[in-house]
Amino acid sequence: MEERFEYIQCLFCVTGREAGVVRALEETEGVRAVFPQKVKAIWRNGAWGEELFPLFPGYVFVYSHQPLPYAGLNGISGVLRVLSYDKEGREGYLIENDRRFAELLLRLNGVIGALDALSDGNFVRVDEGALRLLNGRVAKVDKRKRLVNVEFDILGDTRSAWLTYRLPEDGMSADD
């Protein structure tokens, strides 16, 4: 059965230190943490492979059963600030679409896999639940690298990420 957390927050951290922040947070009893990662298609040795890369560099999501002290979160090495909906930092717990996205990330252990895509004339149509929760919009498509640039609205800011997509299993290549 899936564990439910009452309190979910988002931290902004030093880029590249997300895994260390997650390890530090998970030393606290009753706390889980993940940072969003994406599966990226890599062409290596004549074949496509997949590797994990940060989806939103610098972001870590924290899940707890009890409110965590603001000063304690800011005191963790690598944490720059706790994100909030107001300038005073008082409304730091995620709500609505942001919370649903964070819950999905937890279920996926932070990993957003490759998107299934259908070739439809000169554009790619993407259908993925996590992206709909974030009101994702496909901005660009790079068929050669099998990537789509998707813009998201997170905590009131627009962020974009290049995500891998998979072609249907009908013999199409990335050049089609």
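Is Glu103 buried or exposed? Glu103 is buried, at a relative accessible area of 16%, where buried stands for under 20%, exposed for over 50% and partly exposed for what lies in between, with a 1.4 Å probe and protein chains only.

Before going on: this is a predicted model, in which local features need pLDDT of at least 70 and side-chain atom pairs count only at pLDDT 80 or more, while totals for chains, interfaces and linings use all residues. Residues are numbered from 1 along each chain as its sequence is written, and side-chain values use heavy atoms, with hydrogens and water left out.

Now the salt bridges, meaning a side-chain nitrogen of Lys or Arg within 4 Å of a carboxyl oxygen of Asp or Glu. The whole structure holds four of them. Glu103 pairs with Arg4 at 3.7 Å, N to O, and because Glu103 sits in helix α3 and Arg4 in the segment before β1, this contact ties together parts that are 99 residues apart in sequence; helices here are DSSP runs of H or I with at least four residues, strands runs of E with at least two, numbered from the N terminus. Arg4 itself is exposed, at 57%.

Glu103 also meets Arg99 at 3.2 Å, N to O, and these two are four residues apart in α3, about one helical turn. Arg99 is buried, at 18%, and shared partners join Arg4, Arg99 and Glu103 into one network.
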